[in-house]
Amino acid sequence: MLKIPKLWHPLTKKLQSLINTHRFGIFSAGYVKDSNDNGSESENEWERLVKPFDLNELRKSLIQITPIQLCKLLELPLDVPTSMEIFELVGAQRGYSHSFDVYYMLIDKLGAAGEFKVIDRLLMQIKDEGMVFRESIFIMIMKHYGRAGLPGQATRLLLDMRGVYSFEPTFKSYNAVLDILVAGNCPKVAPNVFYDMLSRGISPNVYTFGLVLKAFCMVNEVDSACSLLRDMTKHGCVPNSVVYQTLIHALARNERVNEALRLLEEMFLMGCTPDVQTFNDIIHGLCKVNRIQEAAKLVDRMLLRGFTPDEITYGVLMNGLCRTGQVDEARALLNKVPSPNAVLFNTLINGYVTSGRFDEAKVVYCDGMLGNSCDLDVYTFNILIRGLCKKGSLASARELVSEMETKGCKPNVITYTILVDGLCKEGQLQEAGDVLNEMSYKGLGPNIVGYNCLISALCKDGKVHEALKLFSEISSKGCKADIFTFNSLIFGLCKVDRMEEALGLYHDMLLEGVIANTVTYNTLIHGFLTGGAIQEALKLVNEMVSRGCPLDKITYNGLVKALCRAGAVEKARGLFEEMMRTGLHPDSISCNILINGLCKSGKVYEALEFLRDMIHRGLLPDIVTYNSLINGLCKMGHIWEALNLFDRLQAEGVCPDAITYNTLISWHCKEGMINDACLLLHRGVTNGFIPNHVTWYILVSNLSKERGYVHQGFI
């Protein structure tokens, strides 16, 4: 027996005395009567007891309670302590034993109240009484564990069924636990439970497979889920629509659209009917990988098979069309929608705005949304305000913000942030600050994005002092600076050569728990390299690596350029090779930096060898590459080789620019080959080259020297 809590003892004692001072007879009708009472009086007493239930009446009652009657009492909306007291008092009656149904009802009530320790004691009591367990009681307890957010306890109970209570669970118990694990976001445990089920010879059903397959998909183990689908037939199970839909959703989400399409075909062959959401998943997957036309064909196929596309179907396809610049096609699709809603109109308006076609966006807004009496929301206005800011119509944007309020749509933080960003991009920093103040005045706390827009614009404009002042106000406005805030300020300080302050701000950032990223380090490294502080830059590189932030091409390019400028070309080349070893593929900028460095240090033939290696790696040289090599060859006095390279670049389809011609003309003049320089200019003009002021200065000054005078007024 369970031990009765002390606070219940007085009531127990009183009722126990009542039971002991009266002798009752048990009747098959489920009620008890004294030998001096008739049946109707006892029945009336039971009805008086339960309608409505009164604990005091129970205490006074002289009838003996049966298990069926106790179940009816436990069905009443009594609290747990009262229910437990009744359970104990009735259990203490002479010749009485609790039935399984009594235990089931009480445990159900305890589970709903989260009294799981009491449930464990009751289960042991059932075992000690030799009562035969039923699986339903364990499944019910498991479900209570699931509702209480204790999936691990549900799994433990599954193990205890066999180990503690000597009851063999069937697939029903395993399904209950699997369901709880999936719903409780513990999908990694589900396969272990499933494999334990198989190892014990318990046959799963379709529902089991559906749960385990979903668990695999939740942890992105889609291949395992696909394999499980193929194993279903080995266990005599045929996949149903839910199984297929779960896997199709996972495949489409992971951009494995071809496999999703194959499964859709298999669904039809197996006689399973997909729902609209299944089609939507594949359409969304196709749009994600820019297979928009196939997505459109799938919508047509839906219609042919009798499925009605919903708003999500049209919305996903329209979004895909707009994202790939096919806004007119999206508009044609919208015209086919029976009752377009605000979301679909917003998608189209956003597509036109993103494509820079604001006037057409406004037509959709005026004729489409207003014409169809669609409810205008803040999202619609935000898109239009962004479009006006994008085309530089800031006055119109501010007017639209005012119009919002007259139409009963209150501007939100995003509205004002868009406006702040637009003003900053147009250089109207004072006005942007005024908008932030207006937000505060209207009770809308500016978010960190709004502050970042203005701080970034101030830093780019060289107004670091004002940016730092704004930065100091952020915390008092309830905002927390993020990595973008710090990166903007560090950039601004580096730009005006306040490197010590930039480094100090970097350390403050780390103390505040903001993790530096590649942009942070590259900004600081570039600042130090610009000032010639290579050692300081290298210290930061080491710190960057030690903090787990990988070097990127920008980092390497900056270091290679600085080393070349310092004359350490071999070190620069070593760093370039290290970049390739780390798996970073150098681009033309990387190669041009090193080629220029080699040429300036007189290692032109090494640069030419490097060029051949660059072409072998699949990188195509551009005009910057050839200009460095031509200048290097000319400096060595190898003008004819430079001219050969000049002819080669044109043969390869690279168009020479002013620097190319000016370099060759200048070196021809230095070598006293002025006539050849003039012929080269004539050849260039014939091929479309337009000489600039540098070209004319080179030729005129050298021609003047050759004739023994210099035109003093020529610039």
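Tutor: Happy to! Let's begin with charges and rings: a charge sits over a ring if NZ of Lys or CZ of Arg is within 6 Å of the ring centre and within 35 degrees of the ring normal. Keep in mind that this is a predicted model.

Student: Which residue lies over the face of F268?

Tutor: That is R305, at 3.7 Å from the ring centre of F268.

Student: What about rings with rings? How many aromatic pairs does a search of the whole structure find?

Tutor: Planes under 30 degrees apart count as stacked. The search finds 16 aromatic pairs. One of them joins F116 and Y145, which are stacked with 4.3 Å centre to centre and 20° between the planes. F116 belongs to helix 7 (residues 116-128) and Y145 to helix 8 (residues 135-147), so this pair ties together parts 29 residues apart in sequence.

Student: Are F116 and Y145 buried or exposed?

Tutor: Both F116 and Y145 are buried. Ring pairs can also build up a group: F133, F138, Y165 and F167 are linked by them into a cluster.

Student: Now the surface. Which residues make the nonpolar surface patch of about 330 Å²?

Tutor: V238, L269 and M270 make that patch. Look for M270 in the loop between helix 15 (257-269) and helix 16 (276-288).

Student: What is the relative accessible area of M270?

Tutor: M270 has 41%, so it is partly exposed. Patch residues need over 30%.

Conventions
Residues are numbered from 1 along each chain as its sequence is written. This is a predicted model: local features need pLDDT of at least 70, side-chain atom pairs count only at pLDDT 80 or more; totals for chains, interfaces and linings use all residues. Side-chain values use heavy atoms; hydrogens and water are left out. Rings of Phe, Tyr and Trp (its six-membered ring) pair if their centres lie within 6.5 Å; planes under 30 degrees apart count as stacked, over 60 as edge-to-face and the rest as tilted. Helices (H or I, at least four residues) and strands (E, at least two) are DSSP runs, numbered from the N terminus. Buried means under 20% relative accessible area, exposed over 50%, partly exposed in between (1.4 Å probe, protein chains only). Patches are made of residues with over 30% relative accessible area and no salt bridge: like charges are joined within 9 Å, nonpolar side chains (Val, Leu, Ile, Met, Phe, Trp, Tyr) within 5 Å. Accessible areas come from the Shrake-Rupley method with a 1.4 Å probe; for residues, only the protein chains shown count as cover. A salt bridge is a side-chain nitrogen of Lys or Arg within 4 Å of a carboxyl oxygen of Asp or Glu.
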